[in-house]
Amino acid sequence: MRTKKLYFITQAAMIAAIYVVMTVFINTFNLASGTIQVRISEVLTVLPYFTPAAVPGVFIGCLLSNLLTGAMLPDIVFGSLATLLGALGSCALRKHSFLVTLPPVLANMLIIPFVLRYAYGLKYVVHGIDISIPFQAVTVGAGEVITCCIFGSLLIKALSPYRQMLFHSDMQTDGLEKAR
């Protein structure tokens, strides 16, 4: 039993570390945050399709990434929450490879525009009408579709043949438990 918990924690930590590295990398191109963002690390929110350890992994990775890239407090809290909700939704839909890509898109489209508008003050006014929230929902959604739906589907296809080897939580644990 201890081995399974350790395997879960290790998977989550590895996913968090990969999320942080990917975010810091894409942040050098100013694509990790803002109205137009293609945070490539969000592709990892489809990993609950393979393992529930991805849920805390992407949440912690997003939280650390937001701290490291200098996000404002509301972004650290609500941005990380959006990623957590997306990963939880992906976990709930893990039986359907394409549907698993949608919850991160929806969570970010619903939460991040408010963060951008009220935490960062990004305002878009057209003919005297503030269209900030719908405009940013479209732009954030487009970035999420690219990372989660397109790249996420490709990631699922690429990792599926190795599912048992990479993500099976009982891998080698039965033999280790019996040896004790």
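This report walks through the fold, the surface and a handful of residues of one predicted protein model.

## Overall fold

The protein has seven helices and two strands. Along the sequence, their order is α-α-α-α-β-β-α-α-α.

The C-alpha trace spans about 70 × 30 × 25 Å along its principal axes. The radius of gyration is 18 Å. A compact globule of 180 residues would have a value near 16 Å, so the two agree.

## Contacts and surface

Of the 180 residues, 44% count as buried. The protein exposes about 9600 Å². Carbon and sulfur atoms supply 73% of that area.

## Charges and the salt bridge

There are 12 positive and 7 negative side chains. The centres of the two sets lie 6 Å apart.

How many salt bridges does a search of the whole structure find? It finds one. The partners are Arg-117 and Asp-130, with 3.2 Å from N to O. Arg-117 lies in helix α4, residues 102–118, and Asp-130 lies in strand β2, residues 129–130, so the pair ties together parts that are 13 residues apart in sequence.

Arg-117 is buried, with a relative accessible area of 15%. Asp-130 is partly exposed, at 36%.

Gln-136 lies in helix α5, which covers residues 132–159. Is Gln-136 buried or exposed? Its relative accessible area is 0%, so Gln-136 counts as buried. Beyond its neighbours up to four places away in sequence, Gln-136 touches Thr-35, Pro-113, Leu-116, Arg-117, Leu-122, Tyr-124 and Gly-141. One of these, Arg-117, is also a partner in the salt bridge.

Val-138 is found in helix α5 too. Val-138 is exposed, with a relative accessible area of 56%. Its C-alpha atom is separated by 16 Å from that of Gly-79. Along the chain, Val-138 and Gly-79 are 59 residues apart.

## Helix α3: Pro-74

Pro-74 is found in helix α3, residues 73–92. Pro-74 is partly exposed, with a relative accessible area of 33%.

Which residues does Pro-74 touch, not counting those up to four places away in sequence? They are Gly-79, Val-115 and Ala-119. Pro-74 and Tyr-120 are 46 residues apart in sequence. In space, their C-alpha atoms are 9.2 Å apart.

## Two loop residues with positive phi

Asn-30 is not a glycine, yet its phi is positive, at about 55°. Where does Asn-30 lie? Asn-30 sits in the loop between α1 (2–27) and α2 (54–68). Asn-30 is exposed, with a relative accessible area of 61%.

His-127 also has a positive phi, near 50°, in a residue other than glycine. His-127 lies in the loop between β1 (125–126) and β2. With 79% relative accessibility, His-127 counts as exposed.

Definitions and conventions:
Residues numbered from 1 in each chain as written. Predicted model: local features only at pLDDT ≥ 70, side-chain atom pairs only at ≥ 80, totals over all residues. Heavy atoms only, no water. Helix = DSSP H or I, 4+ residues; strand = E, 2+ residues; numbered from the N terminus. Rg over C-alpha atoms; globule rule 2.2 N^0.38 Å. Buried < 20%, exposed > 50% of the residue type's maximum accessible area, 1.4 Å probe, protein only. Areas by Shrake-Rupley, 256 points an atom, 1.4 Å probe, with all protein chains shown as cover. Lys, Arg positive; Asp, Glu negative; His and termini not counted. Charge placed at Lys NZ, Arg CZ, Asp CG, Glu CD. Salt bridge = Lys/Arg side-chain N within 4 Å of Asp/Glu carboxyl O. Contact = heavy atoms within 4.5 Å.
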